[in-house]
Amino acid sequence: MRRVRDTLRCNLTRVERFVQRLRAMRLPALTYHEGELHWFSGRQYPLVFRPQSQSAARVRFEPDRISIESEHLDRDRLRRLLQSGYRQQAKERFRQRLDRLLERAWWTGAQPVHLALRRMRRTWGTCSKQRVVRLNTHLIKAPAHCLDYIISHELCHLQEMHHGPAFHRLMDAFAPGWQAPHALLRRQGRLYLQE
Ligand SMILES: [Zn+2]
């Protein structure tokens, strides 16, 4: 009998993971130099630095750039700052999208769903029986419809804790066209996982 799991990890299959690792090896490492392109919400933006020593360091996602103000501009510092900037954006946007989709998810009742964020290497999201949806912070770099797709997928697990036919029927009814963001994440999700 299949072991009942408490938390469903929506992993890629073993083969997909293997292929993804091979492809990931060919990606050049991010160097965090000025002008380097970084993903945010499905688009790439150049990094622009503003050295300063007056106030606390900060990251701003502007219409045409990601600007980083910091006294120190070494790679590790920049990487950490950008990560916390992404996290800040993700916290706000993920909650907003989760609440919006939750309103439409007829099977979830009026019960709240707890949201947790985490940077993960191989998983876009997980869902537990305790109604905790954990989303990969890196999703903030993907287009909005990919985020909605992953949230919808995890919400469907509140009803169907598996990936069987009943789960897919619910996905088809709740998020028709989910195959497009699914394919996009498979095709270029590795780009969003880079740190
Ligand atoms: Zn799943």
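**From values to terms**

Tutor: Let us start with Leu191, which has 15 C-beta neighbours inside 10 Å and counts as partly exposed. The model is a predicted one.

Student: Why is Leu191 called partly exposed?

Tutor: A residue is buried with 20 or more other C-beta atoms within 10 Å and exposed with 12 or fewer. Leu191 has 15 such neighbours, so the term is partly exposed. Leu191 belongs to helix H5, residues 179–193.

Student: What makes a set of residues a nonpolar core?

Tutor: The members must be buried residues of the listed nonpolar kinds, joined through C-beta atoms within 7 Å. The largest such core here has 22 residues, and Leu135, Leu139, Cys146, Leu147, Ile150 and Ile151 touch the most other members. Two or more residues each come from helix H2 (75–104), strand E7 (123–128), strand E8 (132–136), helix H3 (144–156) and helix H4 (165–174). H3 gives the largest share, seven residues.

Student: Which residues are in contact with Leu139, leaving aside its neighbours within four places in sequence?

Tutor: They are Trp124, Cys146, Leu147 and Ile150. The term contact applies because the C-beta atoms of each pair lie within 7 Å.

Student: Why are E2 and E4 said to stand at the edges of their sheet?

Tutor: The open sheet has four strands in the order E2-E3-E5-E4, with mixed pairing. Strand E2 (37–40) and strand E4 (58–62) each have a single partner strand, so one side of each is left without a neighbour in the sheet. From one strand to the next, the twist averages 35 degrees. H2 packs on this sheet and touches E2, E4 and strand E5 (65–70), its direction making about 120 degrees with that of E5.

Student: How do you know that E2 and E3 pair?

Tutor: Pairing requires at least two bridges between the strands. Four bridges join E2 to strand E3, residues 43–51, and the two run antiparallel. Within E3, Pro46 is the bridge partner of Leu37, while Arg43 stands opposite Phe40.

Student: What is said of Ser41 in the hairpin of E2 and E3?

Tutor: The hairpin has two residues between the strands, and Ser41 takes a positive phi near 50 degrees.

Note on methods. Residues numbered from 1 in each chain as written. Predicted model: local features only at pLDDT ≥ 70, side-chain atom pairs only at ≥ 80, totals over all residues. Contact = placed C-beta atoms within 7 Å. Axes fitted to C-alpha atoms, helices over the stretch in contact; angles between N-to-C directions.
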